[in-house]
Structures are given as C-alpha cells and as structure tokens.
Amino acid sequence: MTHHAGDALPAGLADWIDVHAESLDTDATFAAQVVPRLGRAGLFRVGVPHALGGAGGTTVDAIEAIASVARHSLASAFVFWGQRTFIEYLLQSANEPLRVRWLPALLAGELAGATGLSNAMKYLCAIEPLQMRATPLDAARARFRLDGALPWITNLRREGFVVAAAFDRHDGAPPAIFAVPHDLPGVARSDDLDLIALRGSNTAALTLDGAELDETCLIDADARSFLVRARPAFLGLQCGMSIGLARRALDAADGSSAPVRAALIDDVIALRHELNALAGRLYEGVTSGTFVAAPAAQFELRIALAAVVDAAARLDVQAAGGRGYLRSHASRPTPNDTARRSREAAFVPIVTPSLVQLKSQLAQQQRGEAA
Ligand SMILES: Cc1cc2nc3c(=O)[nH]c(=O)nc-3n(C[C@H](O)[C@H](O)[C@H](O)COP(=O)(O)OP(=O)(O)OC[C@H]3O[C@@H](n4cnc5c(N)ncnc54)[C@H](O)[C@@H]3O)c2cc1C
C-alpha cells in the first residue's frame with residue numbers, strides 16, 4: 001500500500017509543527033497560525049477534485065494527510081480535521097452557490113471551517129435533543145431566525161470562521177444544517193475553553209441569538225439523510241488522528257536504546273501490524289462506500305483504533321522511562337513529547353462519536369439482532 005508515508009509533510013511545515021507542538025497543546029500562542037500554514041502547504045486540497053480547486057485524490061488521501069499531521073501534533077491534526085470535514089460537507093452539499101462562495105478561501109486556509117455537528121450526531125443516535133433551532137421568518141420559509149448554543153466547537157478561529165450546525169425546525173420540516181459565518185449579527189464565540197490539552201485548537205462555545213440567515217446558507221435541508229451520507233468521511237477523517245498518533249508513539253518506542261527496544265519490540269511489531277490492518281479495512285470501507293449502509297463496521301474500527309492508540313501511548317511511556325516523567329531534562333532541553341502524546345491520546349476516546357456512545361450503540365444493535 002502506497003499510503004504509509006513515513007512523513008508526507010513538507011519539511012518546513014513538519015519542522016514548524018515539531019518546534020511548536022508543546023505550545024500548541026498547552027497554550028493559544030500559535031493558534032492563529034495553524035490553518036494558514038496547513039493551507040499554504042496545500043493540505044486542505046488533498047482529496048478534493050481538481051475541478052473544485054483541489055489537488056485530486058481520494059478521501060483516503062485526506063485521512064493520510066491528517067495522520068501525517070497527527071504524527072507531529074494532535075492539536076494541529078484536530079484543527080485540520082475540523083477544516084477538512086467542513087470542506088467535505090461543502091463537497092457533499094447540493095448547494096452549489098454555497099460551495100462556490102466559501103470553498104476557495106477554505107482550501108487556501110484563509111478562512112477557518114468548523115463543524116459543530118457532535119450534537120447532531122448524538123441527536124441521530126437519540127442521545128440528546130438538538131440544541132439549535134431555526135424559526136422561519138416568512139411564509140415561503142426562505143429566511144430563518146437562528147437561536148441556541150453549542151458548548152464545544154474546534155477551529156473557531158478568532159480571525160474568522162464559518163461553522164456547520166444542525167437546527168431543529170419546529171415547523172414540521174426535518175432538522176436542517178446551516179453554514180453560519182462568524183460575522184453575522186447575533187453570532188458570538190466564547191473565550192477559549194480552559195482545556196487540559198489541545199489548547200491551541202481554537203476550541204470555544206458558540207451562541208446564536210436572533211441571527212438571521214436565508215436558505216442560500218443551507219448545507220442540507222435534511223440533516224438526518226445528509227449526516228448518514230457524510231458520516232463515513234466525518235469518522236474516517238477523525239480516525240486519521242488516531243492513525244498518525246499511534247504511528248508516532250510506536251516509532252518513538254522503536255527508537256529507544258538497544259536494551260529498552262529489545263524488551264518492547266515484539267509489542268511494537270504486533271501493534272504496528274494491527275494498526276496497518278485496521279487502517280487497511282478503514283480505507284477499504286471508505287473507498288467502497290460500504291460504511292454508509294453498515295455504520296457498525298466503521299464504529300468497530302474507530303473503537304479498535306482507539307485501543308491501539310492507548311496501547312501505543314503506553315509503550316511510548318514505558319520506553320521513555322523516568323526521563324518521560326520529567327517536564328524537562330538536562331540531557332534533553334526540548335519539551336517532553338512522550339508526556340504530550342499521553343495527553344493527546346486521552347482525547348481520542350471522548351471526541352464524538354465517543355467510545356461510550358459507540359459501544360452502547362453496538363450493544364443496542366446486537367440486542368436488536370438477538371430479539
Ligand atoms: C477539546 C474538545 C474539542 C471538541 N470539539 C468539538 C467540535 O469541533 N465540534 C463538536 O461538535 N464537538 C466538539 N467537541 C465535543 C465532543 O466531541 C463531545 O461531543 C463531547 O465531549 C461530548 O460531551 P460529553 O462528554 O459531555 O457527553 P455527555 O453527553 O456528558 O455524555 C458522556 C458520555 O456518554 C455518552 N452518552 C451519553 N448519553 C448516552 C446515551 N443515551 N447512550 C449512549 N451513550 C451516551 C456520550 O457519548 C459520552 O461519551 C469537543 C470536545 C472536546 C473535549
């Protein structure tokens with residue numbers, strides 16, 4: 001398989017992310033730079049058709065691009081995921097004028113794209129109600145008043161963003177997904193959330209209070225069918241974060257001193273083997289489209305990949321030994337990458353769809369099949 005590039009990033013970008021990875025995890029100093037830098041490196045064009053301004057290739061190439069960033073910094077990879085997933089919504093939307101309006105700036109990294117659809121994903125699985133509502137303002141239902149709040153959204157870049165969110169309609173129509181620009185009156189971004197990690201990711205809450213939009217900003221008038229179609233890419237791109245982080249943690253363990261390596265190498269090899277097999281199955285399903293009708297198969301892969309990340313991060317810790325428990329060390333003035341990767345790995349199970357959610361859905365399905 002040609003996809004397992006050790007490091008597909010341009011050297012300048014890889015170096016910049018490496019130098020700032022600790023800061024991107026622990027503070028917001030470089031938060032504004034991530035999207036423009038990834039954009040200038042052409043990463044948002046990967047897997048986007050040439051005809052739409054992209055570099056061509058497939059969704060699998062985009063997943064691998066996210067994985068290659070995740071090797072260096074999960075905060076950066078998560079920003080990449082938000083941007084690329086928003087781009088994916090535009091690619092899958094039937095609203096061509098909306099695509100024409102936003103896609104060029106998004107692909108170039110001049111505008112941030114954010115996806116506030118965790119709430120909608122949880123709504124689809126009957127975990128929580130939609131937290132946004134759209135009230136039609138005219139008889140033709142072409143103009144809407146938007147209200148509500150979402151507690152967590154990444155890539156709400158202070159310099160400007162457009163965010164996708166799902167809205168309950170209350171007028172008999174199904175929930176719809178709108179693209180909401182940051183400068184619309186009534187749209188407010190909170191301060192950055194006080195996170196324990198990924199603090200350079202522009203993660204904040206979003207409040208809409210009487211914001212008005214018309215149907216030209218509809219990504220899709222039927223959130224449910226749209227999300228069922230978009231979910232394989234949403235989830236696949238997200239798995240890129242797990243794949244890249246696990247690869248880097250395993251490489252770190254593999255690169256330790258001879259006696260340490262000798263003790264751990266069997267585990268490293270076994271985990272690498274499993275990781276490659278899971279990525280292969282993921283890429284097959286994303287490419288063939290089978291996850292649209294059989295989401296459980298993809299849920300299982302997401303769960304298994306999270307387990308590999310967990311095990312790989314533990315090997316990384318074991319290989320680093322006591323050195324890995326120090327903030328810094330005379331023999332290594334650079335920040336402690338092992339500790340950073342452990343914090344990053346803690347995020348993998350909780351991002352929507354969380355492992356708790358997926359496990360309970362799979363159990364529900366099995367109960368249904370048994371009945
Ligand atoms: C750093 C960070 C960035 C984020 N960025 C974004 C973003 O860009 N966009 C976005 O939309 N969201 C984002 N989120 C939100 C995230 O993806 C989850 O939606 C959020 O963390 C889930 O909220 P909770 O854990 O409070 O879930 P809760 O609702 O408190 O649930 C706790 C756990 O139980 C599960 N659960 C709850 N009820 C049920 C049920 N009935 N059946 C099965 N399982 C259930 C949940 O899935 C979850 O795992 C972000 C979160 C973090 C921490």
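A polar contact is a pair of N or O atoms within 3.5 Å; within protein, one atom must be able to donate a hydrogen and the other to accept it, and residues adjacent in sequence count only if both atoms are side-chain atoms. The model is predicted, so that local features need pLDDT of at least 70 and side-chain atom pairs count only at pLDDT 80 or more, while totals for chains, interfaces and linings use all residues. Residues are numbered from 1 along each chain as its sequence is written, and side-chain values use heavy atoms, with hydrogens and water left out.

Around the ligand, a polar backbone atom of L117 lies 3.4 Å from a ligand oxygen atom, a polar side-chain atom of K122 is 3.1 Å from an oxygen atom of the ligand, and a polar backbone atom of T154 is 2.8 Å from one. Taken alone the ligand exposes 950 Å², of which the protein buries 71%, the areas coming from the Shrake-Rupley method with a 1.4 Å probe.

T154 itself belongs to the loop between β3 (143–153) and β4 (161–167), where strands are DSSP runs of E, at least two residues long, numbered from the N terminus. Because its relative accessibility is 11%, T154 counts as buried, a word that means under 20% relative accessible area with a 1.4 Å probe and protein chains only. Its side chain makes a polar contact with the side chain of T203, at 2.9 Å. Apart from neighbours within four places in sequence, T154 is in contact (heavy atoms within 4.5 Å) with F78, A114, S201, N202 and T203.

Notes:
Helices (H or I, at least four residues) and strands (E, at least two) are DSSP runs, numbered from the N terminus. Buried means under 20% relative accessible area, exposed over 50%, partly exposed in between (1.4 Å probe, protein chains only).
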